[in-house]
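This briefing accompanies the sequence and the 3D structure shown below.

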Amino acid sequence: MKDGVNGVALAVFIFFFLAVTVMGFLAARWRRAADEQSLDEWGLGGRSFGTWVTWFLLGGDLYTAYTFVAVPAAIYAGGAAGFFAVPYTILVYPLIFTFLPRLWSVSHRHGYVTTSDFVRGRFGSKGLSLAVAVTGILATMPYIALQLVGIQAVLDVMGIGGGENTNWFVKDLPLLIAFGVLAAYTYSSGLRAPALIAFVKDGLIYVVITVAIIYIPIHLGGFDEIFAKADAKFTAAGAGGLVPAPAAQWTYATLALGSALALFMYPHSITATLSSKSREVIRRNTTILPLYSLMLGLLGLLGFMAIADGVTVTNGQLAIPQLFENVFPAWFAGVAFAAIGIGALVPAAIMSIAAANLFTRNIYKDFIKPDATPEQETKVSKLVSLLVKVGALVFVLTMDKTVAINFQLLGGIWILQTFPSLVGGLFTRWCHRWALLAGWAVGMVYGTAAAYGVASPTQRHFGGSAKEIPGIGEIGYIGLTAFVLNVVVTVVLTFVLRAVKAPEGVDETSPGDYTADAGDSGVAAELPAAAGASH
C-alpha cells in the first residue's frame with residue numbers, strides 16, 4: 001500500500017462525487033408530477049420509468065459497491081468458488097420473467113407499494129404481511145451497511161481513512177460526509193435521485209471493467225501468467241488449485257440456486273421494479289439485464305489479477321481497490337474509486353427507501369395509524385429512510401466489518417423465506433395464510449439457528465451461510481435448506497387447515513389484475529386496504 005494521500009485519485013473521486021451530489025438534488029425536479037406528496041411519487045418515482053431508466057436503476061440496485069469489492073475479493077481469497085455469483089445471476093432472469101410482470105400488474109391495479117402490501121391483499125392477513133415486512137427490513141439493514149463498507153475501503157486505499165491511532169472522528173469524517181450527502185438527497189428527491197445517478201454509476205463501472213480487463217493483463221504479462229500465479233497460490237495453500245474440490249460442489253450449486261431465488265425477494269429489487277411504467281418494461285429488462293452478468297464474470301477475474309500483482313492485504317475487501325492503485329495511473333485510479341463509491345450510493349439510497357416504505361405501509365399504517373393520509377405516509381417514510389441509514393452507519397462504525405458481511409449473509413437466508421408467500425401467491429392462493437406464516441417461522445428459526453452454529457476464524461458464531469444438509473451429509477447453503485423446510489411445513493399445514501375448514505381470509509385481487517397493463521385501469525394509489533374485498 002502506498003504511503004500518504006493519493007492526491008490525484010482523491011481529486012478525481014471528489015469531482016465525480018460532487019457531480020452525482022448535484023444530480024441527486026436536481027433529480028427532485030426530474031419528471032416531477034403535480035401530486036408530490038405520495039409514496040408513489042417519492043418512493044416509486046411516480047411509477048413512470050421506461051426501459052432504459054429501469055435497466056440502469058435495476059443494474060445500479062443489484063450490482064452494488066459490495067459486488068464490485070466482494071466478488072473479486074472472494075475469488076482472491078478462495079479461488080473459483082467465488083464465481084458462484086455468475087451462474088446465480090444467469091439463473092435469476094428467466095425466473096423473474098415468470099413472476100415480476102404479474103407482480104407489477106397487480107401492484108399497479110391496487111396501488112401496492114411493497115411486497116407486503118400484495119401479501120396482505122392476496123391472503124387477507126396483516127400478520128403474514130407484517131412477517132414479510134419485518135424480514136425485508138432486517139435483511140436490508142446490513143446490506144446498506146456493506147455499501148458504506150465499500151466506500152470506506154476506497155477511502156482507506158486513497159489514504160484518507162485515517163490510521164489505527166487516529167482520532168475516531170477524524171478517521172471516519174470522510175465517511176460521515178458521504179453519509180450526510182446520501183441522506184440529504186435521498187430525503188429530498190426519493191427514488192428519482194438514484195435513478196438519475198445510476199446512469200453515471202453504471203457508465204463508470206463499464207468503462208473501468210473494460211479498461212481493466214484489457215490493460216491489467218497486458219501490465220501483468222497476460223492471462224497465462226495471471227492464472228499460473230493464482231493456481232500456484234491456491235496449490236501452495238492446500239486448496240487444490242483454481243478449481244474447487246469435489247466436496248465444495250454442493251455448496252457452490254446450492255449457494256447459486258438459493259441466491260437466485262432470494263435476489264428479487266429483497267425490497268430494493270421490488271422497489272426498482274414497481275417504478276416501471278408498464279409490465280412490458282419489466283419483460284424487456286429481463287432480456288437485457290444479463291449483460292450485467294457478463295460484466296460480473298469479467299469483474300471476478302480481478303481477484304486473480306490481484307494475486308498475480310502480488311497484492312497483500314489483511315482485509316480482503318481492500319484487494320481490488322489496492323490493485324487499482326498499484327496498476328492504474330493515479331487519475332484513472334480515481335475514476336475506478338469513483339465507480340465503487342457511486343456504486344455504493346445508488347443501492348444504499350434505494351435500499352433505505354425500500355425499507356422505509358415497508359415500515360410506513362405495513363407497520364405504521366397497518367398497526368399504528370390506519371387513517372394516515374398520503375402526505376403523512378410520505379413524511380414518515382422520509383424520516384424512516386434517514387433512521388435506516390443512521391442505523392447502518394452505526395453498524396459500520398461500531399462493529400467489525402466481518403460481522404457486517406456475515407449478517408448480510410444471514411439476511412439472504414431470511415429473505416428467501418418470503419418466497420412462498422410472494423411468488424407462490426402470484427400464481428395460486430391454494431396455500432393457507434396460517435400455513436404460510438408457520439412455514440416462514442420454521443424457515444427463519446432453522447436458518448438463524450443453523451447459521452449461528454457456523455464459526456469463522458474471526459468470529460465464534462454467524463461465520464458463514466453453509467452447513468451440512470440434514471439427511472444428505474453434503475455441505476450446502478443454509479438458506480436453501482431452510483426454504484425446503486418452509487415449503488414442506490406450508491404444504492402439510494395447508495392440507496390440515498383446509499381439512500378443518502380454517503378461515504382463509506379475503507382475497508382483494510381478481511385474476512385479471514395479474515395480466516393488466518398500464519393502460520387498463522390506472523394506478524389505484526389511493527385505494528383503501530379493503531377495496532376490492534368482494535373479489
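Which hand does the crossing of α3 and α13 have, left-handed or right-handed? The crossing of α3 and α13 is right-handed, where the near helix is turned clockwise from the far one by less than a right angle, anticlockwise being left-handed. This is a predicted model, in which local features need pLDDT of at least 70 and side-chain atom pairs count only at pLDDT 80 or more, while totals for chains, interfaces and linings use all residues. Residues are numbered from 1 along each chain as its sequence is written, and side-chain values use heavy atoms, with hydrogens and water left out.

**The chain as a whole**

- The chain has 22 helices and two strands, these being DSSP runs (H or I of at least four residues for helices, E of at least two for strands) numbered from the N terminus.
- Of its 535 residues, 58% count as buried, a term that means under 20% relative accessible area, with exposed over 50% and partly exposed in between (1.4 Å probe, protein chains only).
- Among contacts (heavy atoms within 4.5 Å) with a separation of 6 or more, 84% join residues 24 or more positions apart.

**Helices α3 and α13**

- Helix α3 (residues 51–62) packs against helix α13 (residues 279–288) at an angle of about 55°, with the axes 9 Å apart; axes are lines fitted to C-alpha atoms over the stretch in contact, and angles run from 0 to 180 degrees between N-to-C directions.
- The two helices are therefore oblique to each other, the class left over once angles under 35 degrees count as roughly parallel, over 145 as roughly antiparallel and 65 to 115 as roughly perpendicular.
- On the α3 side the contact is made by Thr51, Trp52, Thr54, Trp55 and Leu58, and on the α13 side by Val281, Arg284, Asn285 and Ile288.

**Helices α5 and α12**

- The axes of α5 (residues 85–110) and α12 (residues 267–274) come within 10 Å and cross at roughly 65°, and the two helices are therefore roughly perpendicular to each other.
- Leu100, Leu103, Trp104 and Ser107 of α5 meet Ile270, Thr273 and Leu274 of α12.

**Ser189**

- Ser189 lies in helix α8 (residues 168–189) and counts as buried because its relative accessibility is 4%.
- Leaving aside residues up to four places away in sequence, Ser189 touches Gly24, Phe25, Ala27, Ala28 and Trp42.
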